[in-house]
Amino acid sequence: MLNTIWDPQHECMPRDEIGQLQLERLQATLNRACKNVTCYRTKFKGLGIVPEDITSLSDLAKLPFTTKEDLRLNYPYGMFAVPLREVVRIHSSSGTTGKPTVVGYTKNDLKTWSNLVARFMTAAGVTHDDVVQIAFGYGLFTGAFGLHYGSETIGAAVIPMSGGNTEKQIMIMQDYKSTVLVCTPSYAVTIADRIEKLGIDPKTLSLKVGLFGGEPWSEAMRREIESRLSISATDNYGLSEVIGPGVAGECGYKCGMHIFEDAFIPEIIDPETCAVLPPGSVGELVLTTISKEAFPMIRYRTRDITSLEYEVCECGRTMVRMKKTMGRSDDMLIIKGVNVFPSQIEEVLVAIEGCEPHYQLVVDRKGAMDVLEVDIEVTEHIFFDEMKKQRAFLEMVEKKIDSVLGVGVTVKLVEPNSIPRNEGKASRVIDKRRL
Ligand code: DLL
């Protein structure tokens, strides 16, 4: 076994026992949700379903989905299943358009959340001996507080740095001897860029593990971060509507993120037909919470595209593993009939020497034709004072993308730091056809 396991009783539970536990917890959740949340009660009634009808896990498919639209319609507190006096924390999603979605936690929920985060941090190799530098923004975003409480639960020392101020991050990292870095993968690249620019040898730092999440990132980007920061870079996944970070995380084998199934039931559906797909299929992840009090979510459509692997992992955990997400179904672009995920373009870019993964895809329509432009932030490696050299570089990148994806694109260099980041999350797609 590579690392210790935070909660072996649950994380290594035989699969039939997981199923039994899930069913019991699901039934309790459905009862509470229907009793206390008008939205669920109305939807169930509309379909002629009562919680007692759910007698096996496969009955889950009979239940209605919950979407972001439901949360918007019930803004701010309409989806809460407990009175506000029992809520001790409020967070919000990081959406950039419209009203954010509001989520609440009871005291017990905070305990559950801290434990789930402690699990994936332990799985990634964090122990009470570590010094954890949290470079997520503290605030309504769940990232910083989630990892903060998880670290404290483990007994590690937390440095609540918050996001931004990259040079100070590096100074603190050097002086306080941080061993764990917590941030988005794109911010990890920004830190690596600056470390290089400052002429610091990453091996002189004490960093050993990176816990990166909050946005999709490719295996190629992992390799790049690992070599440039001289760490083991691990992925963890979550979303505010469901709890925040702590839904799933990688163990040392890095072969998918273990979903903590004693707290969540995952399903994969076809995003078009909404049919539940068999194990192993690629589709949209749907999550049901089964241990939350304040904000139960029943069949929440995450829009994230992934697949599930039920084989027991070498680490000993029996909990199902979700593959790195390919991106969100709403980020998938159909360019001249070809489905393109930003992560596929990222794989190509990272493989090109000197091409940093600070990029954005801009889609537009010229006449009846879709056109895709790939904007890449200029770095020292790809700064050319000669136009001819720049043109040759751009053509080479265009050719590579075309040969891998089969779509013609235009590549453009843009100013450093000009691609907007929200909560440290890079914004990968602008679809002008939808604007
Ligand atoms: O991003 C929670 C989080 C914070 C997870 C820190 C991990 C670390 P939201 O702001 O609500 O919550 O955004 C959730 O971000 O539906 C995915 O599309 C994306 N996302 C989160 N983690 C990953 C990941 C937090 N590891 C949305 N890989 C989700 C790919 C991710 N996408």
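**Salt bridges and a helix crossing**

Modeller: In this predicted model, the side chains of arginine 228 and aspartate 193 meet in a salt bridge, 2.8 Å from N to O.

Colleague: What makes the contact of arginine 228 and aspartate 193 a salt bridge?

Modeller: The cut-off is 4 Å between a side-chain nitrogen of Lys or Arg and a carboxyl oxygen of Asp or Glu. The pair comes to 2.8 Å, so the contact counts as a salt bridge.

Colleague: Which parts does this pair tie together?

Modeller: Arginine 228 lies in helix α9 (residues 219-229), and aspartate 193 in helix α8 (residues 185-197). The pair therefore ties together parts that are 35 residues apart in sequence.

Colleague: Why is arginine 228 called buried?

Modeller: Its relative accessible area is 14%. Buried means under 20%, so arginine 228 qualifies.

Colleague: And why does aspartate 193 count as partly exposed?

Modeller: Aspartate 193 has 22% relative accessibility.

Colleague: Which residue pairs with arginine 222?

Modeller: Glutamate 250 does, in a salt bridge of 2.7 Å, N to O. This pair links distant parts of the chain: glutamate 250 is in strand β8 (residues 244-250) and arginine 222 in helix α9, 28 residues apart. Glutamate 250 and arginine 222 are both buried.

Colleague: How do you know that arginine 433 and aspartate 431 form a salt bridge?

Modeller: Their closest N and O atoms are 2.9 Å apart. The limit is 4 Å, so the pair passes.

Colleague: Buried or exposed: what is aspartate 431?

Modeller: Aspartate 431 counts as buried, at 6% relative accessibility. Arginine 433 has a relative accessible area of 26%, so it is partly exposed.

Colleague: Which residues do shared partners join into one network?

Modeller: Asp7, Glu11, Arg119, Asp262 and Arg317. The count for the model comes to 27 salt bridges.

Key:
Residues are numbered from 1 along each chain as its sequence is written. This is a predicted model: local features need pLDDT of at least 70, side-chain atom pairs count only at pLDDT 80 or more; totals for chains, interfaces and linings use all residues. Side-chain values use heavy atoms; hydrogens and water are left out. Helices (H or I, at least four residues) and strands (E, at least two) are DSSP runs, numbered from the N terminus. Buried means under 20% relative accessible area, exposed over 50%, partly exposed in between (1.4 Å probe, protein chains only).
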